[in-house]
Amino acid sequence: MNTLTIQLEDALYRCNKCGFCQATCPYYLTTGEEWAVARGRLRLTRAILQGKLPLSDGAVRSMYQCFSCRACNVTCPSGVPVDEILIQARTELARQGYLPEPLAQMGRTIATTGNLTGEAADARRSWWQNLDWAPPQGGKHETVYFVGCVSSFYPQAYGLPQSMAWLMERAGTDYAVLGRDEVCCGYPLYVAGLEAEARALAQANVRTVREAGARRVMTTCPSCYRAWREFYPHLLGEELGVEVVHSTQWLAEAGLPLRPLEGKVTYHDPCDLGRGSGIYDPPREFLKSNGLHLVEMSNTRAEALCCGGGGNMESLDLAAGHAVAQLRMQQASATGAEWVVTACPQCKRTLSSVRSDIPLRVVDIVELARKLAVTD
Ligand code: SF4
Ligand code: SF4
């Protein structure tokens, strides 16, 4: 690896090694590995760029074993864009053939099937197969609901699209889903440094949405939201001409009447929604305006801890993800809440996987809205 853009190389040298990023890095907090802290990763990047460190397996691993949570970005007093530096370093490593095999396999799977799990495109309809109604597909609609791979292929997350589609039906929204014509948003490939592959997916999805004549893309996945809103214009070099909306923004404005919920709830900020996109208030406004007693965790909003399912860590280091999820659930438990509300299918999957005798239920905000909706 010998190149970074001049702008990012300059930023790399702004790190003054103060170590503020140590206190917020989920990988460091659960492993104690000093190299995992942003200042360690940046120092390694510098050494590689200067030719002082050969590209060993360990050095390459340090560029990829990261939750892409951006906690270091917001903590850094020098404003070092750690995420951008690491993505560009990974892009160069991938170009030179150093991509770790689990990520290379993921890239081949998505390129072949258009999704993360390698299932047939028709399996994108699985989440509504056991319902007595189906969401609209095809034709011209104002809104396209972009469901995303996690909610389409992992049964633990089916409740999100089931609830979101139900809520939009109830609100009279003119929407459709893309079904088998949707492909992966490309986020996992983009953060892995597979830029050309991510661009091809962006082109395919944008073409499909334009053919549907939609003026709005609705998401329940914060990574899809960020891909559409931030990465697609960058990858395609053009404004998309569609409004991109996350379910939390839609819920805050929809004004759906809800029944009150007894007890306390706490809210887990998904990394790509909070730090990644600056959406902190709409989910909280929605919860509070419906009379829910919201209590905050010790790490909240910009300082929220990752759920453990960020980046491509599920493919690279599942044990590290579990340790982070455990820590996050302990923080949630300490609030005394009975529900952990989040707004992301991956956060829901990851936090729900923590085995505990704590009576704490994890729910996505659209599932909660559906559960509490007044139905007559
Ligand atoms: S907080 Fe920023 S400047 Fe300080 S060590 Fe971390 S990356 Fe470097
Ligand atoms: S993005 Fe998150 S996991 Fe990666 S170095 Fe920064 S704080 Fe640590």
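This report walks through the overall build, the core, the ligand shell and the domains of one predicted model.

## Overall build

The protein contains 18 helices and eight strands. Its C-alpha trace spans about 70 × 50 × 30 Å along the principal axes.

How does the radius of gyration fit with a compact globule? A compact globule of 376 residues would have a radius of gyration near 21 Å, and the protein has 20 Å, so the two agree. Buried residues account for 49% of the 376 residues. Take the contacts between residues at least 6 apart in sequence: 77% of them join residues at least 24 apart.

## The nonpolar core

The largest nonpolar core has 112 residues. Which of them touch the most other members? They are Cys25, Tyr145, Phe146 and Trp228.

Look at Phe146 in more detail. Set aside its neighbours within four places in sequence. Phe146 is then in contact with Leu178, Glu182, Val217, Met218, Thr219, Cys224 and Trp228.

## Around ligand 1

Ligand 1 is surrounded by 16 residues. The closest are Cys15, Cys18, Cys21, Arg39 and Cys76. Two elements give two or more residues to this shell: helix H3 (38-49) and helix H5 (71-75). H3 supplies the largest share, three residues.

What classes of residue make up the shell? There are 10 nonpolar, four polar and two charged residues.

## Three domains

The domain assignment divides the protein into domain 1 (6-98), domain 2 (102-251) and domain 3 (254-372).

## Where domains 2 and 3 meet

The centres of domain 2 and domain 3, taken over C-alpha atoms, are 22 Å apart. Across the boundary, 33 residues of domain 2 are in contact with 28 residues of domain 3.

Which elements of domain 2 give two or more residues to the side that touches domain 3? They are helices H7 (101-113), H8 (149-153), H9 (159-171), H10 (187-192), H12 (222-236) and H13 (247-254). H9 gives the largest share of this side, eight residues. By class, this side of domain 2 has 19 nonpolar, 11 polar and three charged residues.

Conventions:
Residues numbered from 1 in each chain as written. Chains lettered and ligands numbered in written order. Predicted model: local features only at pLDDT ≥ 70, side-chain atom pairs only at ≥ 80, totals over all residues. Core = buried A, V, L, I, M, F, W, Y, C linked by C-beta atoms within 7 Å. Buried ≥ 20, exposed ≤ 12 C-beta atoms within 10 Å, placed from the backbone. Contact = placed C-beta atoms within 7 Å. Near = placed C-beta within 6 Å. Helix = DSSP H or I, 4+ residues; strand = E, 2+ residues; numbered from the N terminus. Nonpolar A, V, L, I, M, F, W, Y, C, P; charged D, E, K, R; others polar. Rg over C-alpha atoms; globule rule 2.2 N^0.38 Å. Domains from an automatic or database assignment.
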